[in-house]
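Reader: I have a chain on the screen and would like to go through it with you. Could we begin with its surface?

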Amino acid sequence: QVQLVESGGGLVQAGGSLRLSCVASGRTFSSYAMAWFRQAPGKEREFVAAVSWSGGSTYYADSVKGRFTISRDNAKNAVYLQMNSLKPEDTAVYYCAARGGILTRTPSSYNYWGQGTQVTVSS
């Protein structure tokens, strides 16, 4: 099984940056597609970004295109989300997820989830 642990969340002013990390353990991490989702209070979990097992393919939600960058380092068993030009509407708990297949935008298609890390953007 794959275990995921997120870190790097915190409080930042609008326009600032944060870098989230997700460290994985378990079998066949390098063959898994990885993604970031987020969930704000009272709202459904939404897709943010995903990266293929090789790192060669990425996909972003329209709301974060041009501001967020997803990447992975399989040698370190890690996936990252660099968040720039943060806005108050980016405030949410951010979750790392993994699945044994191609990247998708659907939360239910991911097999493994981290516990989440809080990102708060103040105005």
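Author: The chain exposes about 6,200 Å², and carbon and sulfur atoms supply 47% of that area. Accessible areas come from the Shrake-Rupley method with a 1.4 Å probe, and for residues only the protein chains shown count as cover. This is a predicted model, in which local features need pLDDT of at least 70 and side-chain atom pairs count only at pLDDT 80 or more, while totals for chains, interfaces and linings use all residues. Residues are numbered from 1 along each chain as its sequence is written, and side-chain values use heavy atoms, with hydrogens and water left out.

Reader: What share of the residues counts as buried?

Author: Of the 123 residues, 44% are buried. Buried means under 20% relative accessible area, exposed means over 50%, and partly exposed lies in between (1.4 Å probe, protein chains only).

Reader: Which elements make up the chain?

Author: There are 11 strands and zero helices. Both are DSSP runs numbered from the N terminus: helices are H or I with at least four residues, strands are E with at least two.

Reader: How many disulfides are there?

Author: A search of the whole structure finds one; a disulfide is counted when a pair of cysteine sulfur atoms lies within 2.5 Å. Cys 22 is joined to Cys 96, with an S to S distance of 2.2 Å.

Reader: Which parts does that pair tie together?

Author: Cys 22 belongs to strand β3 (residues 18-26) and Cys 96 to strand β9 (residues 92-99), so the pair ties together parts that are 74 residues apart in sequence.

Reader: Is the pair buried or exposed, and what is its handedness?

Author: Cys 22 and Cys 96 are both buried. Their link is left-handed, with -80 degrees about the S-S bond.

Reader: Turning to overall shape, what is the radius of gyration?

Author: The chain has 13 Å, which agrees with the value near 14 Å that a compact globule of 123 residues would have. The radius is taken over C-alpha atoms, and the globule rule is 2.2 Å times the number of residues to the power 0.38. The C-alpha trace spans about 40 × 25 × 25 Å along its principal axes.
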